[in-house]
Amino acid sequence: MGTKTADETGAETGAEATTDEEKVSVTKSADDASESATEAGAETGAEPEAAAAGTEAADGTDADLDAENADDADDAEDLADLADLEDDADLAGDLAEAEGPSGVGQGAGAVVSVVLGLVSLTGGWIGTVAAARETLVGQLQTSSTASVATQVKEVYGDAWQTTALWAGLFALASLLTAVVVLARPAFGAPGKPQAPWIKSVAWAGVALGVIGLLLAVLKYSDALLGLPSTS
């Protein structure tokens, strides 16, 4: 009863061997599955890296294209701005031509008229030299035996009239210059108003010219500051 037979012992030994073989097979299957999973994971990991690399390359290409497009857009904007500036310059030139003269000449003429009026009232070197020359001529042409009235007229009267004559010429030039400045817009650029300061200075030239001309006429005719009586 306590002794096992050889058949039973061989059966147990065969069963244990079968069990060990099954364990080894299961272990190998598990190892193979782990290696397969590792390889699959490696392949799966490589694929995202390759995809990521491809995405980065595509992003770099898109960035380059965007930069080139931006540069082209900037160049186009610069060309458009340059064209606008040229158009503005052309328009400004056309407007300047349409507006006509700037009024610089008219202002200069107005100032000149005032200066000529002042010279007619205060005297100039031309009038002084002409009066001194007339005095010298009177002295040379008048004999010492001539009457006092004749000597006064030839030496002083003619010189004073010469001074009045030159003062009248300056006054007339002042008046004519001022009138031309005031009448210039009606002939040159009728649509453009004249600057107020030009009108003011021109009218001052007119006033000085009229006053100087009036005084010159009165002095030349001896109505003002005439020769003293010698009787």
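Me: Quick one: what's the relative accessible area of W160?
Reply: For W160 the relative accessible area is 36%, which makes W160 partly exposed. Buried means under 20% relative accessible area, exposed means over 50%, and partly exposed is in between (1.4 Å probe, protein chains only).

Me: And what kind of model am I looking at?
Reply: It's a predicted model, where local features need pLDDT of at least 70 and side-chain atom pairs count only at pLDDT 80 or more, while totals for chains, interfaces and linings use all residues. Residues are numbered from 1 along each chain as its sequence is written, and side-chain values use heavy atoms, with hydrogens and water left out.

Me: Ok, back to W160. Which residue does W160 form an aromatic pair with?
Reply: A search of the whole structure finds 1 aromatic pair. Y156 and W160 form that pair, with 6.3 Å centre to centre and 45 degrees between the planes, and it counts as tilted. The rule is that rings of Phe, Tyr and Trp (its six-membered ring) pair if their centres lie within 6.5 Å; planes under 30 degrees apart are stacked, over 60 edge-to-face, and the rest tilted.

Me: How many residues apart are Y156 and W160?
Reply: They're 4 residues apart in helix α4, so about one helical turn separates them. Y156 is partly exposed too, at 46%.

Me: How many helices and strands are there in the chain?
Reply: The chain has 5 helices and 0 strands. Both are DSSP runs numbered from the N terminus: helices are H or I with at least four residues, strands are E with at least two.

Me: New topic. How many salt bridges does a search of the whole structure find?
Reply: It finds 1. A salt bridge here is a side-chain nitrogen of Lys or Arg within 4 Å of a carboxyl oxygen of Asp or Glu. K153 and D158 form the bridge, with their closest N and O atoms 3.5 Å apart.

Me: Buried or exposed, what does D158 count as?
Reply: D158 is buried, at 13% relative accessibility, while K153 is partly exposed at 43%.

Me: Where does T142 lie?
Reply: T142 is in the loop between α3 (125-141) and α4 (148-187). T142 is buried, with a relative accessible area of 16%. A polar atom of the T142 side chain lies 2.7 Å from the backbone oxygen of G138.

Me: Which residues is T142 in contact with, leaving aside neighbours within four places in sequence?
Reply: Q151 and E154. Contact means heavy atoms within 4.5 Å.

Me: Which helix is G138 found in?
Reply: Helix α3. G138 is buried at 2% relative accessibility. The C-alpha atoms of G138 and Q151 are 7.7 Å apart, though these residues are 13 apart along the chain.

Me: Which helix gives the most to the nonpolar patch?
Reply: Helix α5 (residues 196-220), with 4 residues. L214 is found in that helix, and L214 is exposed at 51%.

Definitions and conventions. Polar contact = N/O pair within 3.5 Å; in protein donor to acceptor, adjacent residues only side chain to side chain.
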